[in-house]
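Here is a short briefing on one predicted model. Keep the structure open as you read.

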Amino acid sequence: MPGVEEPVALAGTVRARTAEQTWAAVAGHLPDFGITRVADLTGLDVIGLPVWTAIRPASKTLSTSQGKGATPLLAKLSAVMEAIELWHAEQVLPTVAVGPAAEVAPHCPVTALPLTGSFPAAAVARVVCEWTAGTTLVSGEKTLLPLDLVRRRGQRPAWTPNVWRATSTGLACGNTREEALLHALFEVAERDVLFRDGQAHGRLRTLIDPGTVDDPHGREVIDRIRAAGMALEMSLVDGPYGLPVALAYLWSEDYPAVFAGGGCHSVPGIALTRALTEAAQSRLAAIAGTRDDLPTAPPAFDTLSFPPPQPASQLAPWPDAADRCRPPGGGFADQVRAVARCFESVTGHQPVALDLSGPHCPVHAVQVLCPGTRSRGPAKVTPKGAMG
């Protein structure tokens, strides 16, 4: 489908098309991706933020995908697009070479990719595996990556060594390739920054006073959460990419578990509302009982207490904290180039894009892998205690 470069500002997000245009493009193709139904979960919780789910009974990974948004249509689209992402992740990419990295892809930074354990670099370089082709996002060159980075465990041949860890980090759908790439990069940045914060035991966070948020959609989300009687903690997290990364926690007496959400975007207000709505979405998905997880996913919803609130004097005003962010501007393609160069300067490696969707797909699906970034670690990120 033809590309659209100029971003369209929507409530709580920026896309290449309006929600109505995107729904018109995908609605008739849901069966192609195994989606049998979509459901509105919003009314199952007291917060009232729109949350939908998309169901794929024959899924090879997760059979349910949740989505949130400022409106019911945006939430429905969010769920459907996530389901389409996962469908594409389940399709096997072509193998273009077989052999060890030392021979097949000597320039591939194999030890900077997600690994299942700690292995000597020389040993990893000698592992015989299948390779697929991607494109670097700075130089635009073709490069090879181990296929197991994007191949689910159940799809691996019996002889395949369990060296590289496949994750959904950097998996994204968009109306255009550039839109998908940018949101994939945002997700990689968010998870790497939150990993760094976890390793630093939360010391990279600036706790925000919710009462000072002046973003219109963010204000509406916070007011809904407060009206529902929730305890709320929100923060901006410092990272090396110059992108706003937000973290939010919710807790309430009616469901005494802590629910977390993260968000990253070039617009600080959108990063914040993504974190807030993701936390609300996680809570509602648990209430609905429709969320399933991959076998290796860590347990969730196991914290039954929330730290006492910190004095307002120790919380930063939102305008001051948001003003410190200097994210890139321009259209989707401009931002992709700028963020990709930033990743390269921080990690020493170019991000690599794998194009997952075919020419007749109504949307574009990609997975972006950024060597040198991380998305999971032993340190558990917990709330510090902001306000009720």
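Four strands build an open sheet, in the order β10-β11-β12-β13. Their pairing is antiparallel. Start with this sheet, then turn to the cores.

**The sheet**

- β10 (205-207) and β13 (255-264) stand at the edges. Each has a single partner strand, so one side of each is left without a neighbour in the sheet.
- Neighbouring strands of this sheet are turned against each other by 25 degrees on average, direction ignored.
- β10 pairs with β11 (residues 231-237) in the antiparallel sense, over 3 bridges.
- In this part of the sheet, Leu207 stands opposite Ser235 in β11.

**A helix on the sheet**

- Helix α5 (residues 177-199) packs on the sheet. The helix touches β10, β11, β12 (245-252) and β13.
- The direction of α5 makes about 125 degrees with that of β13.

**The nonpolar cores**

- In soluble globular proteins, nonpolar side chains tend to be buried together.
- The largest nonpolar core here has 46 residues. Which of them touch the most other members? They are Ile35, Trp131, Leu145 and Trp164.
- Several elements each supply at least two residues of this core, including helices α1 (19-26) and α2 (72-90). Among the strands that do so are β4 (51-55), β7 (128-136) and β8 (142-146).
- α2 gives the largest share of this core, 10 residues.
- A second, separate core has 35 residues. Val245, Ile270, Val339 and Val368 are among them.

Definitions and conventions: Residues numbered from 1 in each chain as written. Predicted model: local features only at pLDDT ≥ 70, side-chain atom pairs only at ≥ 80, totals over all residues. Heavy atoms only, no water. Pairing = 2+ DSSP bridges. Axes fitted to C-alpha atoms, helices over the stretch in contact; angles between N-to-C directions. Contact = heavy atoms within 4.5 Å. Core = buried A, V, L, I, M, F, W, Y, C linked by side-chain atoms within 4.5 Å. Buried < 20%, exposed > 50% of the residue type's maximum accessible area, 1.4 Å probe, protein only.
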